[in-house]
Amino acid sequence: MAQRRGAASLVAAGILLSRLSGFVRDRYVAHYLGGRSDTADAFRLALRIPNFLQNLFGEGVLSASFIPVYAGLLARGEEEEAGRVAGAVLAILSLVTSVLVLLGMLATPVLVDVIGYGFDGPKRQLTIELVRMVFPGVGLLVISAWCLGVLNSHRRFFLSYSVGVVLNLAMLVALFWFGPRTSEEGLTRVLAIAYVIGSALQLVVQLPVALTLIPQLRVGFFTQLASVRTVIRNFGPVFLSRGVVQISGFIDSMLATPVHGGLNMLAVASNVSILPVSLFGMSVSASELPEMSRAIGEDAEVAAYLRKRLAAGLRRITFLVIPSAVAFLALGDQIIGAIYQSGLFTRADTLWGWGILAGSGVGLLASTQGRLYSSTFYALKDTRTPLRFAIIRIALTTALGYLCVRWLPGWLGVSPQWGIPGLTASAGVSGWVEFVLLRRALARRIGSEPVGVAYLTRLWIVAVLAAVLALAVKVFAPIGPHPVEMAIATLVPFGLVYLLLADPAQTRALLAKGLRKK
């Protein structure tokens with residue numbers, strides 16, 4: 001148990017470093033580009049379109065298809081075949097990614113017209129230019145995901161999840177040097193170049209370590225191997241699942257682009273909402289997947305082993321995600337303001353971002369727990385069940401999102417910008433539907449060990465009480481006007497009250513791990 005917690009802690013620490021550096025980067029991007037400018041929208045879409053490659057072929061797909069097979073070979077001592085499987089995946093991934101990067105660059109105008117159909121004139125031209133500049137960098141990040149799969153299988157978690165700091169630092173250097181002396185359009189071009197440089201550095205940092213872990217690596221298209229065919233067979237459903245998610249993300253972008261600044265503000269709130277998903281959901285599911293994949297024995301033994309790991313992981317996730325969801329709903333203006341409100345990013349932008357972030361809080365717990373349920377299916381080498389439920393979630397999200405963006409503001413008599421929070425809220429509702437389906441299907445497969453209604457109720461009550469205290473501080477305490485001061489004065493007591501009262505045993509465990517690292 002201590003080893004499992006330690007692995008999750010390493011993943012969480014790596015993700016935290018990467019995300020914090022990302023917030024610093026985004027703060028300066030917001031400072032120089034603002035919240036509702038055409039250049040900010042163009043820059044966000046320029047990152048959004050090529051990133052479909054990273055999302056389709058990156059960590060999520062490789063974790064589901066490659067890690068269970070590769071880690072299983074390592075557990076059985078079949079290192080020579082493991083080296084061939086790793087080499088085959090690297091060869092296939094490199095070839096497919098290179099072709100898609102080239103096709104993506106050629107098809108950029110079409111992609112921009114479809115996904116950013118609200119863009120025209122100079123805004124469209126800038127977006128096309130930036131997308132073409134960014135595409136090669138995303139291709140390098142896909143190869144970095146192969147390194148992550150190898151590192152995770154060998155329990156080298158910290159490097160693979162903290163290496164994103166390198167990319168963020170490259171962009172920060174560009175912002176610090178060129179931001180004060182370059183136009184907004186010129187700065188977006190510099191940032192695109194810095195993105196490619198940072199992507200290359202991210203691969204350079206990981207690749208030597210990954211190669212030393214595979215002394216019998218053989219690069220080639222070894223499709224005759226049963227293990228390679230298993231990876232390819234598992235890859236298909238996960239690829240389709242990620243593809244469906246990508247389509248949903250592009251639909252969200254299409255719905256947001258007609259609203260001035262909508263695409264950028266959606267990205268701003270998403271960057272915040274993804275933190276607890278990554279920090280608490282991904283850290284647990286990423287560290288558990290290689291261990292779950294090593295389970296051996298009779299079916300009943302494997303099922304009992306997975307149930308215990310799943311229950312322990314869900315308990316850790318709920319303890320930390322519930323207060324995050326409450327904070328997004330009640331204190332989102334403090335969070336958005338502290339990170340982004342500077343320069344051209346105004347208080348009005350902060351309030352709009354709060355609404356979008358509050359919508360994300362609706363399904364935060366479901367999406368984080370859903371990652372662990374999906375990882376359990378992947379450990380069982382079942383990639384089709386999560387795919388079916390992902391399709392249902394995306395279809396529901398698309399229908400509800402269209403309703404919220406196109407019709408809800410008119411029904412309520414509010415500005416169209418307030419339809420954007422409907423996108424994140426509709427995704428949250430759909431996330432709960434997917435979560436229920438995953439939980440029921442897995443319970444039929446291996447049985448269930450629920451976290452417990454009483455435990456969940458206690459966490460929700462304490463989180464709400466902590467939020468009430470924080471709001472009282474916000475209203476009555478003499479706090480300076482600076483957004484960072486406001487955030488510290490409200491979020492710190494919120495967090496302390498929750499940690500002291502919600503589950504003291506979990507809090508002591510977190511503190512003990514922190515002290516051991518020191």
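Student: Where is the place of Thr-182?
Tutor: Keep in mind that this is a predicted model. Thr-182 lies in the loop that runs between helix H9 (164-178) and helix H10 (184-212).

Student: And what does the side chain of Thr-182 reach?
Tutor: That side chain reaches the backbone oxygen of Phe-178, at 2.7 Å.

Student: How far apart in space are Thr-182 and Tyr-32?
Tutor: From C-alpha to C-alpha they are 9.7 Å apart, although 150 residues separate them in sequence.

Student: New topic! Which helix holds Ser-21?
Tutor: Ser-21 sits in helix H1 (residues 2-33). Ser-21 counts as buried, because its relative accessibility is 11%.

Student: What does Ser-21 touch?
Tutor: Leaving aside residues up to four places away in sequence, Ser-21 touches Val-165, Asn-168 and Leu-172.

Student: What about cysteines? How many disulfides are there?
Tutor: The count comes to zero disulfides. For background, a disulfide is a covalent bond that joins the sulfur atoms of two cysteines.

Student: Is Cys-147 buried or exposed?
Tutor: Cys-147 is buried, since its relative accessible area is 0%. Cys-404 is buried too, with a relative accessible area of 16%.

Student: Which other residues of H16 are buried?
Tutor: Besides Cys-404, the buried ones include Leu-387, Phe-389, Ile-394, Gly-401 and Val-405. Helix H16 covers residues 384-406, which is 23 residues. From its first C-alpha to its last, H16 reaches 33 Å, close to the 33 Å expected.

Student: At what angle do H15 and H18 pack?
Tutor: Helix H15 (residues 364-379) packs with H18 at an angle of about 30 degrees, and their axes are 9 Å apart. H15 passes H18 in a left-handed crossing.

Student: Which residues make the contact?
Tutor: From H15, they include Leu-365, Ala-366, Tyr-373 and Phe-377. On the H18 side, Trp-432, Phe-435, Leu-442 and Ile-446 are among them.

Technical notes: Residues are numbered from 1 along each chain as its sequence is written. This is a predicted model: local features need pLDDT of at least 70, side-chain atom pairs count only at pLDDT 80 or more; totals for chains, interfaces and linings use all residues. Side-chain values use heavy atoms; hydrogens and water are left out. Helices (H or I, at least four residues) and strands (E, at least two) are DSSP runs, numbered from the N terminus. The expected span of a helix is 1.5 Å times one less than its number of residues. Buried means under 20% relative accessible area, exposed over 50%, partly exposed in between (1.4 Å probe, protein chains only). Contact means heavy atoms within 4.5 Å. A disulfide is a pair of cysteine sulfur atoms within 2.5 Å. A polar contact is a pair of N or O atoms within 3.5 Å; within protein, one must be able to donate a hydrogen and the other to accept it, and residues adjacent in sequence count only if both atoms are side-chain atoms. Axes are lines fitted to C-alpha atoms, for helices over the stretch in contact, and angles run from 0 to 180 degrees between N-to-C directions. A crossing is left-handed if the near helix is turned anticlockwise from the far one by less than a right angle, and right-handed if clockwise.
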